[in-house]
Amino acid sequence: MAKSLVIVESPSKAKTINKYLGKGYKVIASVGHIKNLPKSKISVDFENGYELTYETIPGKEKVINELKELSESADKIFIATDPDREGEAIAFDIAEEVKEKNNDIYRVLFNEITKKGVEEGINNPLQIDDKLVSSQQARRALDRIVGYKVSPFLWKVIYYGLSAGRVQSIALRLICDREEEIRSFVPSEYWSILANFNDKARNKVFESKLVSQNEKLFKFNGDNPKIENENHAAEIINDLNSKQFKVSDITKKEVKRNPYPPFTTSSLQQDASVRLRFAPKKTMMLAQKLYEGIDIGEEGLTGLITYMRTDSTRLSQDAVSEARGYIKDKYGKEYLPSAPKVYSKKKENTQDAHEAIRPTSVWRTPESLKKDLTPDLYKLYELIWKRFVACQMQNSVSDQITLLIDSFTESSNGKKSNLYQFRTTDSTVKFKGFLALYEDMFEDEETDDEDKFSIPDGIEIGDIVDLKELFKKQHFTNPPPRYTESSLIKQLDNLGIGRPSTYALIVSTIINRTYSDLKERKLYATELGETVNKLLAAHFNDVINVKFTAQMEEELDKIAEGELTYKKVLDDFYLPFNLDLEFLNKKTKEIKESLIEHTDIVCDKCGAPMLIKWGRNGRFLSCSKYPKCKNAQPLPGEQEEHQELAEGKICNICGAPMVVKSSKYGKFLGCSRYPECKNIQPITLGIKCPKCGEGEILERKAIKSKKIFFGCTRYPDCDFISNSRPRETKCELCGSTYMLEKYSKKKGPYLECPECKHKVEIESKETAESV
């Protein structure tokens with residue numbers, strides 16, 4: 001009897017599914033795409049409705065032949081690639097190859113790879129959705145047009161090898177715009193005043209904050225009205241010392257907080273970044289493994305989570321019922337809401353094809369699977385499991401008390417007296433609810449608790465309180481924070497740019513292209529990134545902007561829904577884009593020259609003026625007589641820096657002085673007698689390695705992620721590694737030989753001991769700027 005053929009894209013996924021289907025099925029993996037657009041050409045036929053030309057991926061001929069052979073003898077063919085647009089496109093390519101051998105082809109969707117999920121998919125087969133395929137191909141065509149048309153423009157005006165992307169360019173613009181906001185930000189000084197009051201009736205001292213003067217509320221973000229400077233604060237304190245104070249109002253209210261919704265792709269990447277310090281790319285790689293199946297002992301290969309590329313918060317009734325049963329059993333009735341929690345779509349263009357990300361069974365607790373999972377898989381599974389269970393738990397409930405204290409004067413002698421008001425707010429958790437399982441954690445772990453103080457029990461309206469002490473505190477407004485990987489994904493998601501399957505790739509691409517550096521988990525625009533962004537903003541602003549890109553995402557969705565055609569969407573983009581391009585191709589030389597800066601520096605070889613140009617390793621000084629004179633030097637500021645870095649460094653092979661050189665991997669020390677002597681040395685921080693004591697610490701950049709980190713020169717013999725810059729400062733508590741430089745937007749730069757986490761504020765302005 002002929003078997004049915006089930007085709008998936010992943011070998012590990014094939015193993016898991018094969019376990020559930022049994023002897024009547026043959027499960028085989030295509031190992032990803034079998035066809036792709038060739039890298040050597042654009043492969044978009046502009047004369048024939050933007051038709052794409054695909055080619056078989058080299059090495060996949062054997063896979064295709066095997067698929068054809070197995071299809072010919074199969075009873076039915078079920079193509080079970082991932083349940084998204086990319087999976088639909090893979091299914092279409094496979095069907096095109098095997099339909100001549102067997103045309104009895106069905107599309108199968110597995111939202112979860114469990115016995116139940118696989119049986120549901122096989123028992124409810126579909127046809128390949130041509131509209132989804134068309135939508136995916138439109139995305140490929142759009143990305144191809146931008147990449148293969150704009151990148152050569154950048155090659156001509158900056159240097160060869162740069163790239164531009166339809167969506168990555170928007171992410172870069174967000175980072176560069178934020179960089180410009182930070183640069184142009186002017187801090188505004190303001191002050192706050194705190195008081196210690198004594199509740200005379202109960203002899204309890206408590207703190208309070210001055211919030212208004214003559215019924216005008218002070219604003220503690222630098223806006224007016226505010227306490228502008230120290231003299232203003234001193235005047236108010238002087239006046240306050242002549243006042244008496246009484247409790248004017250006590251407000252008590254119950255504050256309820258709803259649980260967080262279950263994870264979408266975007267929120268999973270954000271939370272994994274904040275809570276686990278995982279890069280988005282790493283999060284998705286681990287989630288893919290959890291979805292495709294892990295060997296968990298007696299159950300064997302089992303998919304542990306539902307499909308991980310989704311922007312829906314919908315949950316199946318079965319999953320919700322299971323979660324409610326678990327909550328009642330493990331936490332008690334008081335933690336179970338009277339009705340299931342339902343989470344609505346967060347925006348109009350949400351795709352609701354499959355559920356939110358959740359565990360396939362709530363009874364597979366993280367603790368029960370710990371022995372079967374790697375540490376990173378365990379952390380991510382625990383995060384997904386807790387978020388799902390918590391989303392069906394009862395609200396948290398807090399009692400919040402706000403105490404207002406007014407000034408008064410017994411005798412004003414007919415003079416108008418200033419009226420002041422202090423406020424104290426206290427909040428206590430009465431019922432933890434979902435927070436018992438899923439506690440809050442934010443991007444910046446430092447929280448501003450200046451307004452939260454304890455309030456004496458039994459205090460009443462009308463009570464007279466004694467002023468014990470007054471404090472004034474200086475503040476400065478902060479610029480908007482730089483994006484992190486987490487906050488950039490959140491912003492892209494909010495703007496409707498990109499889709500669940502693209503977020504991680506967008507972020508990793510701009511880092512890998514060195515358009516942005518990732519330092520201390522924050523994204524900094526590089527000089528190259530800002531130059532590319534300025535060019536794209538100046539010359540392609542009508543099609544490479546936030547609004548237009550979000551609109552294109554909506555149009556791609558409408559192709560999938562059958563409301564728009566492939567050609568209409570491509571026309572909407574390409575026709576205005578091509579007009580820009582045709583105009584720019586006539587101005588390439590002029591634009592390139594606009595990036596060249598003239599200087600007063602004279603070439604030390606021929607006497608001609610030097611120019612600042614762009615090269616593969618950044619900007620540099622080049623002789624204006626090039627190519628007759630090929631003299632090139634680092635920029636003046638870099639020359640001084642280079643001299644400092646190379647000062648006193650001698651080649652350990654020939655004894656000649658070492659000089660600073662640059663490559664695509666960064667700066668290094670090279671022998672001044674090159675090419676006679678080719679000795680090179682790394683540039684270190686001049687700090688002995690705290691682990692081995694023999695090597696020195698140097699700044700390094702990860703090859704794939706481009707993240708900056710610090711390691712030992714003796715690697716791999718010494719595996720010391722740190723994401724924060726080490727400093728030779730001894731910890732006064734535990735005696736650790738070094739501390740790490742860190743920064744908090746609330747408190748500024750500080751040092752933290754890696755062993756005991758003791759923190760020391762940094763007061764030096766120069767040091768603060770370096771951190």
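Helix α3 (residues 85-98) packs against helix α5 (residues 130-157) at an angle of about 105 degrees, and their axes lie 8 Å apart. That makes α3 roughly perpendicular to α5, where angles of 65 to 115 degrees count as roughly perpendicular, under 35 as roughly parallel, over 145 as roughly antiparallel and the rest as oblique. The axes are lines fitted to C-alpha atoms, for helices over the stretch in contact, and the angles run from 0 to 180 degrees between N-to-C directions.

The model you are looking at is predicted: local features need pLDDT of at least 70, side-chain atom pairs count only at pLDDT 80 or more, and totals for chains, interfaces and linings use all residues. Residues are numbered from 1 along each chain as its sequence is written, and side-chain values use heavy atoms, with hydrogens and water left out.

Which residues of α3 and α5 make the contact? From α3 come R85, E86, E88, A89 and F92, and from α5 come L132, V133, S135, Q136, Q137 and R139. Contact here means heavy atoms within 4.5 Å.

Now look at helix α1 (residues 11-21) and helix α4 (residues 115-123), which pack at about 80 degrees with axes 9 Å apart. This angle makes α1 roughly perpendicular to α4. Here I17, Y20 and L21 of α1 meet K115, V118 and I122 of α4.

The table sorts the contact residues by class. Ala, Val, Leu, Ile, Met, Phe, Trp, Tyr, Cys and Pro count as nonpolar, Asp, Glu, Lys and Arg as charged, and the others, Gly among them, as polar.

| Contact | Residues by class |
|---|---|
| α1 with α4 | 5 nonpolar, no polar and 1 charged residues |
| α3 with α5 | 4 nonpolar, 3 polar and 4 charged residues |

Is strand β1 (residues 4-8) mostly covered or mostly open? β1 is mostly covered, with 5 of its 5 residues buried. Buried means under 20% relative accessible area, exposed means over 50%, and partly exposed lies in between (1.4 Å probe, protein chains only). In a regular strand the side chains alternate between the two faces of the sheet. In β1, S4, V6 and V8 point one way while L5 and I7 point the other way, and all are buried.

Strand β2 (residues 25-29) pairs with β1 in the parallel sense over 5 bridges; two strands pair if DSSP finds at least two bridges between them. Residue S4 stands opposite Y25 in β2. From β1 the chain crosses through α1 to β2 in a right-handed β-α-β crossover. Right-handed means that, with the strands pointing away from the viewer, the path from the first strand over the helix to the second runs clockwise. β1 also runs parallel to strand β7 (residues 77-79), joined to it by 3 bridges, and V6 stands opposite F78 in β7.

**Two single residues**

L109 is found in the loop between β8 (105-107) and α4. Its relative accessible area is 36%, so L109 is partly exposed. Leaving aside neighbours within four places in sequence, L109 is in contact with P83, G121 and L126.

A234 sits in helix α7 (residues 230-240). Because its relative accessibility is 37%, A234 counts as partly exposed. A234 and I193 are 41 residues apart in sequence, and their C-alpha atoms are 9.5 Å apart.

**The whole chain**

The protein chain has 20 helices and 33 strands. Helices (H or I, at least four residues) and strands (E, at least two) are DSSP runs, numbered from the N terminus. Of the 771 residues in the protein chain, 49% are buried.
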